[in-house]
Amino acid sequence: MLLLGGSPEFVGACKQVLDESGGTESVHACGEVTVPDDLWLQIDRVKPDGVVVPAEERWIAAVVALVHVRPNVRFFVSGAVTHEQWDTLDQAGVYVVPADPGRAARAVTGALKRLSPTRFDFEGDGGSPRALAVPHARGEDVDVVEKHLVAVYCVKGGVGKTTVATNLAAAIGLWAKELEQTSGKSYRVCCLDFNSDYGNVKKVFGFTEGKLRSVAAFADLSPTSAWESVERSMNRHEPTGVYYLAAPQSPAEREIFTAELAEKILVLCERHFHFVIVDMGVALDRRDAAIVALDRATDILLVTDLKAETVDLLREFVRNEMRQLIDPGKVSLVVNKVRSWWFSPRDVVRYLELPLKDELPYDLEAEKCDGKGSPLVALKRDAKFSRAITSLARGVLGTRAFGVEKRSWIRALFGRRKHVAL
C-alpha cells in the first residue's frame, strides 16, 4: 500500500501509473495528501508500506523527520535533488527515485516487494535499490538514474565473457563521456574482474605502469567509504573513462577474495557508480564471490559460443543450478563469435529456453588483445563487432541514448596500439 503526497498534478500522475499497471505489481494507492503536515496523521490512519513525495524542500524535510518515528515505512522522494539533499536523504535511508512517474513506480515497486508481511526487510536483503546521483559540485541539481549492475557469466571458460564485459563497459564509458560533454552531467562506469584465476580485464584495458589495483585493494575500505577512497583504490582507463579492478594477482590476494569482500566491493560500487559491469569467474571451487554478484545483479548476461560442448553445459546449468541461484527473470543470452555452423543462434535460444539479448559476430577487424586466449577488442567504429557491442549496450541500458545504428560510440578504445588513431 502506497501513500501519495504532493501537488494534485503529481499525485494524479502517480495514481494513473498505478492504475495502468492493473494491479499486477501488487502495489496500490491507499491515500493522498497535499500538505506535508498532513503526512503524520494520514500515515497513522492508513498504515502504508511506502510513501512517495516530490523532491521539494518542504516535502523532503517532512519525510526525513518521519523516518525516525515510523521506521517500518519506506519513504521515497521523486525527482532531482541537490548534493546536500542527496547526502541528507542517503543518511536517513530515504530512497531517491526518478521524476518520471513510470520509472518511479517501478523503483518503488521493486523496493516494496522486498518487504515481508510484517513490513520488515527480508533477512539478507543486502542493499537498497536506491538510484544513484552523481553531482559535479555541491549545490548543483543532479539527475537520478536507474542503476545497472550487469553480471557477465558462463559455466565454461573461453566463451568470450571478458570480451563482452570489457567491450560493454567501454561502450557505456564512451557514451557517458559524450553525454558529459554535451549535457554537463557525469555518469561513472566501472568494470570488475571477479575471476579468481588471474583474469584478463587488465590486459584489455592495457595496464602498463604504476600500481595495479585488484579486488584486494578494497579489503581495507569500509562499506561507507567516500568516493575519494574508492577512486584511489581503482585503476582508470583514460580513453573510455572506465574505472576497473583487476582479478587477484597472487595466491595471497586470491585467498582474501571471499564472499564478504565481494559484497563490500559491490556495495561500494553500487553506491558510487551508475553502471557496474562484472566479469564473472568460473572456478568451481571458488564461486562464493560469483554467487554474491549474481544475486545482486540487475541484469545477467549468459554468454555462449556455438560449440555443442558449451551449449550442453549451459543447458545443464539452466535446468538445475540456475533456478536455485538466480532469478531467471534477470537472465538473457549473448551468443558470441557467430560463425557458420550446423545449427544457428536461434536453435541455441530454443534449446536453452532463454531470451536472446544480442549476437556478437565473428569479425576479423576485431583482433586479439594479447596472445592466444585473450579477449577480442573493438578497434574500428564501423566494424560489425563494434556495431554489435553498441547494440548490446543499448539493449542492456534500455535507452536510445546511443543514437542510430550508424553512430557507434566504439572508437579507438585501446590507444596503446600504434595503428589506432586517437
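At what angle do helix α12 and α14 pack, and how far apart are their axes? The tour of this predicted model begins with that pair and then moves to a group of salt bridges.

**First stop: helices α12 and α14**

Please select residues 308-319, which form helix α12, together with α14, which covers residues 345-352. The two helices pack at an angle of about 30°, and their axes are 10 Å apart. Because angles under 35 degrees count as roughly parallel, α12 is described as roughly parallel to α14. The crossing of α12 and α14 is right-handed.

Next, display the side chains where the helices meet. From α12, select V311, D312, L314, R315 and V318; from α14, select V348, Y351 and L352. These residues bring the two helices into contact.

**Second stop: the two sides of α14**

Keep α14 on the screen and colour P345, V348, V349 and L352, which are the buried residues of this helix. Now turn the view to look down the axis of α14: the buried residues fall within an arc of 100°, so they line one face of the helix. Then select R346 and R350, which are exposed on the other side of α14. Just after α14, select E353, where phi is positive, at about 55°.

Which residues are linked with R296 in a network of salt bridges? Select E263 and E270 along with R296 to display this network.

Begin with R296 and E263, whose closest N and O atoms are 2.8 Å apart.

Move on to R296 and E270, where the closest N and O atoms are 2.4 Å apart. This pair also links distant parts of the chain, with R296 in helix α11 and E270 in helix α10, 26 residues apart.

E263 is partly exposed, with a relative accessible area of 27%.

**Last stop: E56 and R58**

The structure holds six salt bridges. One of them joins the side chains of E56 and R58, with an N to O distance of 3.9 Å. E56 is partly exposed, and its relative accessible area is 35%.

Technical notes
Residues numbered from 1 in each chain as written. Predicted model: local features only at pLDDT ≥ 70, side-chain atom pairs only at ≥ 80, totals over all residues. Heavy atoms only, no water. Salt bridge = Lys/Arg side-chain N within 4 Å of Asp/Glu carboxyl O. Buried < 20%, exposed > 50% of the residue type's maximum accessible area, 1.4 Å probe, protein only. Helix = DSSP H or I, 4+ residues; strand = E, 2+ residues; numbered from the N terminus. Arc of directions from axis to C-beta. Axes fitted to C-alpha atoms, helices over the stretch in contact; angles between N-to-C directions. Parallel < 35°, antiparallel > 145°, perpendicular 65-115°, else oblique. Left-handed = near helix turned anticlockwise from the far one by under 90°. Contact = heavy atoms within 4.5 Å.
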